[in-house]
Amino acid sequence: MHGHSRARIVHRLRHALGHPGRVPRHLRRVTRNTWLRLSTRDHVAYYRAVMRSETARSPRGAVGSRSYRRWVALGKAQFDYLVRHGLKPEHRMLEIGCGNLRAGRLFIGYLDTGNYYGLDISPEILIAAQETLVTYDLRDKLPHLLPVADLRFAALPGGAFDVVHAHGVFSHSPPQVIEECLQNVGRIVRPGGWFDFTFERTEGREHQVLGETFYYRTETLLDLAAGCGLQATLMDDWERLPQRESKIRIRFPGPGPSTGHVVRDQDRGDLDRAAGQAMSDLG
């Protein structure tokens, strides 16, 4: 959580004075991002271009993990938290912004075969995700990786998922992208399911840095969810973990999926067709 604006010139000057070796890299990033903003039509296209550039340099770095050890630790923290808070092997899960499967590899291994679906706006990072499947020998678990152009979930059938998870997605999203997601996510979650998302929390002025990282007050996102008719709660126990981001859970009223529920053939067929169409679009 941050109490000050990282976009303020005073903060940037202090940071530059304290870390002079980072200044050239920061200037290169500013130049690159300015060009990408001018050459793309909207934020999603812009951030897709950022991810293309970052993935070419390092797939782990592109998802915010500068080392393999950090990549493993962050993925495990996400996985452990969801398991402690109700994720079961029989659940069907959608991970928004799955990246190169930092946490997804653990979800895939834990969930029943075919129950993991990962979305990302970056085709390049999904190629890196396929490499992760091979490295960790997860191909027999039949995960589905889908490229998307937005967060409307238009290709996914209604009520298809028990759990939706988005780590580090809203931290890179302006309000209109978050609202688009919140307006549409309820259609694809079963009664009794939930949607967890993280965000960069500030108690000060809301702001963004380089069009890449967005800082929100908790109340802003809770109000945005309420405006979409959703029940949202800040997850206080996540705050006590050594995590940079905060977490909100949206619950969808209902009895919840029963243990060992059977996936309907129609649901499976609809999802398989959606995955096939998405992969065709990627090609």
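**Aromatic contacts in the predicted model**

Ring pairs join Tyr68, Trp71 and Tyr136 into a cluster; rings of Phe, Tyr and Trp (its six-membered ring) pair if their centres lie within 6.5 Å, and planes under 30 degrees apart count as stacked, over 60 as edge-to-face and the rest as tilted. The model is predicted, so that local features need pLDDT of at least 70 and side-chain atom pairs count only at pLDDT 80 or more, whereas totals for chains, interfaces and linings use all residues. Residues are numbered from 1 along each chain as its sequence is written, and side-chain values use heavy atoms, with hydrogens and water left out.

Nine aromatic pairs are present in the structure. The ring centres of phenylalanine 79 and tyrosine 110 lie 5.4 Å apart with the planes at 80°, so this pair is edge-to-face. Phenylalanine 79 belongs to helix α5 (residues 68–84) and tyrosine 110 to helix α6 (residues 104–110), 31 residues apart, and the pair thus links distant parts of the chain. Helices (H or I, at least four residues) and strands (E, at least two) are DSSP runs, numbered from the N terminus. Phenylalanine 79 counts as buried because its relative accessibility is 15%, while tyrosine 110, at 25%, counts as partly exposed; buried means under 20% relative accessible area, exposed over 50%, and partly exposed in between (1.4 Å probe, protein chains only).

Tyrosine 117 and phenylalanine 161 form an edge-to-face aromatic pair, with 5.5 Å centre to centre and 75° between the planes. Both tyrosine 117 and phenylalanine 161 are buried.

Arginine 105 lies over the face of tyrosine 136, at 4.5 Å from the ring centre; a charge sits over a ring if NZ of Lys or CZ of Arg is within 6 Å of the ring centre and within 35 degrees of the ring normal.
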